[in-house]
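Please keep the structure in view while reading.

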Amino acid sequence: MPNPHDFHTPQPSYTRDELLRSSDGGYFGPGNAQLPAPPMLMMDRITEISLDGGEFGKGHIVGELDIVPGHWFFDCHYRGDAMMPGSLGLDAMWQMIGYWLGWSGSPGKGRAIGVGEVDVTGSITPDTGCVRYEVAMRMVRRGKLVLGIADGRVLADGVGVFIAKDMRVGLTKAVD
């Protein structure tokens, strides 16, 4: 499995175009972490990413999604009461953890494998301007098993709408 740093030099932030390149695959090397393509790509940019930041000092990642009334999920989730499904916010944070694992040099494809607890306290509607995802890595295990465990929160225009604890993402290695 190729080392992601042989293909990508880590940056402190990423634009939408760079995230779209990651969704094409190969950004961190063949068979390594990649983001999903639109419409499942749930962020427009990564504004911060580090190896030692965040609440636990083990790394963090912050992403943002600009909300426009025409987003696909508003037309199919609770017709007449448009809101972004909370599951998409959780998926966005799982995407970010997998991206962080590749960005930090671990090989393999990211797979969400669980979450301990999710508390929903608000909603994201077509009137929301920007969604911010903040993820703090709590534990990173590297070796035969690559595992990232993180806590995160989702904010709509600066107001917390949900918190997730013990989100788990593993990296799987392709078998030849």
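On a 1 Å grid over the protein atoms alone, a pocket is an open set of points where a 1.4 Å probe fits, with protein on both sides within 12 Å along at least five of seven lines, and its lining residues have an atom within 4 Å of a point. A volume is the space filled by probe spheres set on the points, which are joined across faces, edges and corners. The model is predicted: local features need pLDDT of at least 70, side-chain atom pairs count only at pLDDT 80 or more, and totals for chains, interfaces and linings use all residues. Residues are numbered from 1 along each chain as its sequence is written, and side-chain values use heavy atoms, without hydrogens and water.

The second largest pocket has a volume of about 210 Å³. It is lined by 14 residues, with Glu 55, Glu 134, Ala 136, Asp 151 and Gly 152 closest to its centre. Two or more lining residues come from each of β2 (60-66), β5 (130-141), β6 (146-156) and β7 (159-172); such strands are DSSP runs of E with at least two residues, and helices are runs of H or I with at least four, numbered from the N terminus.

The largest pocket has a volume of about 270 Å³. Among its 14 lining residues, Gln 34, Pro 36, Gln 95, Gly 110 and Arg 111 lie nearest the centre. Helix α2 gives the most to this lining, with 5 residues.
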